[in-house]
Structures are given as structure tokens and as C-alpha cells.
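Biologist: I have the sequence and the model open. Can you walk me through the fold?

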Amino acid sequence: MGSKRRLDSIDRQIIAMLARAPQTSNRDIAAELGVAESTISVRVDALVRDKVIKLSVQQNIVKAGYGVLGWIDVSCAFADAERIAAEIGKIETVFSVSLFFENPFLQVMVFAQGTADIRDLVENRIGAIAGVDAVAADVSIGEACIKQGIASL
């Protein structure tokens, strides 16, 4: 107990490969390193368990059937912000609601199939919640930079 894990060459190569391309499968890593796929699985599990690496999951919105990522700013009275945030959080396509110290007090991040869905959220769902004073939306039109890597601890 209390001893630090000593990384060998295989561990360091696994970490390096995942840092370059986190989506690399255990099968591909095993083939590259000339070891069994089960060896990679056991080692990755141990690296995670020992907090040497941290794996994270990021949803691919396009493969999930969504074509648009939207940000919706919600203006309201600060006293109503938490209640409104709770209501917005029940909407299926909402994946984040952030509370700020100045108006707009809420920023909502959503997945949508298209801009018509964003309009529906703004006008008919979020905009219709009691206490919402104004709603404004921005929509992603593409990805300019994707940075891959392993989450640091």
C-alpha cells in the first residue's frame, strides 16, 4: 500500500498510443505491440485503477443522429434561475445548463437534428417557461479544431 506503480515499456507504449489517438482499440494496440488483446485490456484496466490514466467518454453527436450543437442564452430574474434551470434540464436534448452571475443567467447546450429543432426549443419549450424573459441561440456550423488526448488527473 502507498507504493507507486512502476511503468514498464508496454505500459508507456499503451499510454503513448492512447495519447496520440484515444479511440484506438485494444485489438489495434495489441497488434502494434505484438501482445495479446487480453494483455492490453488488463493493463489499461490497471492503469485506470491505479490512476495513471483517466479514460473519458465523449458522445459523437453526428453518430447519435444529431446534426447541430446549439447554445441557448436564457435571460430571467436571478431568483428564478435555478427553478428555470431545473425545468430546462428535463428536456431530452439538453446536455448542459450553466448558471452565471449576470444576465443572461443561464446558458443551455443542446443537441438537435437541425435548426428547426433549435427554433422549437427557443420558441416553444424554453421560451414558454414561466419567468423566462428572453432567449437567444447560437448554432455550431462546424468544427474548427478537435484536440485529442487523455484526460489528466
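Predicted model: local features only at pLDDT ≥ 70, side-chain atom pairs only at ≥ 80, totals over all residues.

**Sheet and helices**

Modeller: The 4 strands make an open, antiparallel sheet in the order E2-E3-E1-E4. Strands are DSSP runs of E, at least two residues, helices are runs of H or I, at least four, and both are numbered from the N terminus; two strands pair if DSSP finds at least two bridges between them.

Biologist: Which are the edge strands?

Modeller: Strand E2 (94-99) and strand E4 (132-139), each pairing on one side only. From one strand to the next the twist averages 20°.

Biologist: Over how many bridges do E1 and E3 pair?

Modeller: Strand E1 (residues 68-76) and strand E3 (residues 106-112) pair over 7 bridges, antiparallel. Leu-69 stands opposite Phe-111 in E3.

Biologist: Switching to H1, which residues are buried?

Modeller: Ile-10, Asp-11, Ile-14, Met-17 and Leu-18, buried being under 20% relative accessible area with a 1.4 Å probe, protein chains only. Seen down the axis of H1, these buried residues fall within an arc of 130°, so they line one face of the helix; the arc is that of the directions from the helix axis to the C-beta atoms.

Biologist: What do they pack against?

Modeller: Helix H2 (26-33) and helix H3 (37-49), with contact meaning heavy atoms within 4.5 Å.

Note on methods
Residues numbered from 1 in each chain as written. Heavy atoms only, no water. Axes fitted to C-alpha atoms, helices over the stretch in contact; angles between N-to-C directions. Buried < 20%, exposed > 50% of the residue type's maximum accessible area, 1.4 Å probe, protein only.
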